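Here's a quick briefing to read with the model open next to you. Have a look at the structure, then work through the points below.

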Amino acid sequence: MNSISIENFFPATQLPLPGWVRGILLAMSDASNSQMQHDADQRDVAAVRGGDGEAYRRIVRRHQPTIARRMARFSRDRATVEELVHDCFVEAYLSLRSYRGDAPLEHWLTKIATRTGYRHWKTERRDRKRILDLQSNHSSARMAAPPAEDTAELAMYLLDQLSPRDRLAITLLHLEGRSVAEAAELAGWSQTLLKVQAYRARKKLRALLERQGIDHE
Amino acid sequence: MNELNWLKDAVPNPIPPDIDVTDDVMRTIRTRQSEPSAALFSPRLLLGVALASWALAGVAVLIAQQAVSAFQNPLGDLLRF
């Protein structure tokens, strides 16, 4: 797909452009690229609905980097991310009839990806609980101890301790910095529910940090 | 809000892996399309069919009872019906 970038305007890009001019040109090129992508998506969606399976291949190719980036929030394991991206595109194909075309396809896919990732967290937590139950029936096994030194590992451990709902609220609102409206739309919740969930999640997180003896003040 | 600041600083930025699932997705879609529709045998649908059959059978029994009693006592039972 052809795209208009700042290099198309100025092939050598050695021209001494002031920062604000570069900013305007970059914004123009971004707007133009997203419009071209939207047009290509609409054409391909229409083709898929008309029975052209190969058009869906183009959609997957175009959007899988974005969806992989999204899914990397839900797992740090490469194989799991691959599986989640796969599941997201299969689900999107099966519900393509519900895509109305008034919003960019990328937004619609991101919504499906968020819900697929959330389901993964729920399954993962259920499986972990089942394993822990089994272990506690057979031995005096305890939950894995929190990593003591690595802050990143500790943060991931603490996020794992939250319920999937709490974790989703914290991730969308605070780690990704989305607005309440945007986060609620992605999660498929009402804005009130999201705010309540985020408030409870913050309280639980604070309690977890205090339990670990971490000074977060 | 301090716990959130701590978390934001501590959580590493996710690094998306360089993956290509295109062929897998297309293969799964083709397989799904060649299978008989799963919805046809979904537990919810089967339950619906069972309930509808049970309701229909109940109505049929009631009609039969009324017909029999009407046959036995044409005037009285027909009026009651």
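This is a predicted model: local features need pLDDT of at least 70, side-chain atom pairs count only at pLDDT 80 or more; totals for chains, interfaces and linings use all residues.

**Chain B at a glance**

Chain B has 4 helices and 0 strands, and along the sequence its pattern reads α-α-α-α.

**Where chain A meets chain B**

- The contact pairs up 30 residues of chain A with 22 residues of chain B.
- On the chain A side, at least two residues each come from helix 3 (53–71), helix 4 (78–94), helix 6 (151–161), helix 7 and helix 9 (191–211).
- Helix 4 of chain A gives the largest share of that side, with 8 residues.
- Sorted by class, the side of chain A that touches chain B holds 16 nonpolar, 5 polar and 9 charged residues.

**How chain A divides up**

**Helix 7 of chain A on its own**

- Helix 7 of chain A spans residues 164–175.
- Its buried residues include A:R167, A:L168, A:A169 and A:I170, and A:T171, A:L172, A:L173 and A:H174 in helix 7 of chain A are buried too.
- After helix 7 of chain A comes A:G177, which has a positive phi, near 65°.

**Helix 7 against helix 8 in chain A**

- Two numbers are handy for any packed pair of helices: the angle between the axes and the distance between them.
- Helix 7 of chain A packs against helix 8 (residues 180–187) of chain A at an angle of about 140°, and their axes are 9 Å apart.
- Why call the pair oblique? Angles over 145 degrees count as roughly antiparallel and 65 to 115 as roughly perpendicular, and helix 7 and helix 8 of chain A are therefore oblique to each other.
- The crossing of helix 7 and helix 8 of chain A is right-handed.
- From helix 7 of chain A, A:L168, A:L172 and A:L173 meet A:A183, A:L186 and A:A187 of helix 8 of chain A.
- By class, that contact between helix 7 and helix 8 of chain A has 6 nonpolar residues, with no polar and no charged ones.
- A:L168, A:L172 and A:L173 also turn up among the buried residues of helix 7 of chain A.

Key:
Residues are numbered from 1 along each chain as its sequence is written. Chains are lettered from A and ligands numbered from 1 in the order in which they are written. Axes are lines fitted to C-alpha atoms, for helices over the stretch in contact, and angles run from 0 to 180 degrees between N-to-C directions. Angles under 35 degrees count as roughly parallel, over 145 as roughly antiparallel, 65 to 115 as roughly perpendicular and the rest as oblique. A crossing is left-handed if the near helix is turned anticlockwise from the far one by less than a right angle, and right-handed if clockwise. Two residues are in contact if their C-beta atoms, placed from the backbone, lie within 7 Å. Ala, Val, Leu, Ile, Met, Phe, Trp, Tyr, Cys and Pro count as nonpolar, Asp, Glu, Lys and Arg as charged, and the others, Gly among them, as polar. A residue is buried if 20 or more other C-beta atoms lie within 10 Å of its own, exposed if 12 or fewer, and partly exposed in between; C-beta atoms are placed from the backbone.
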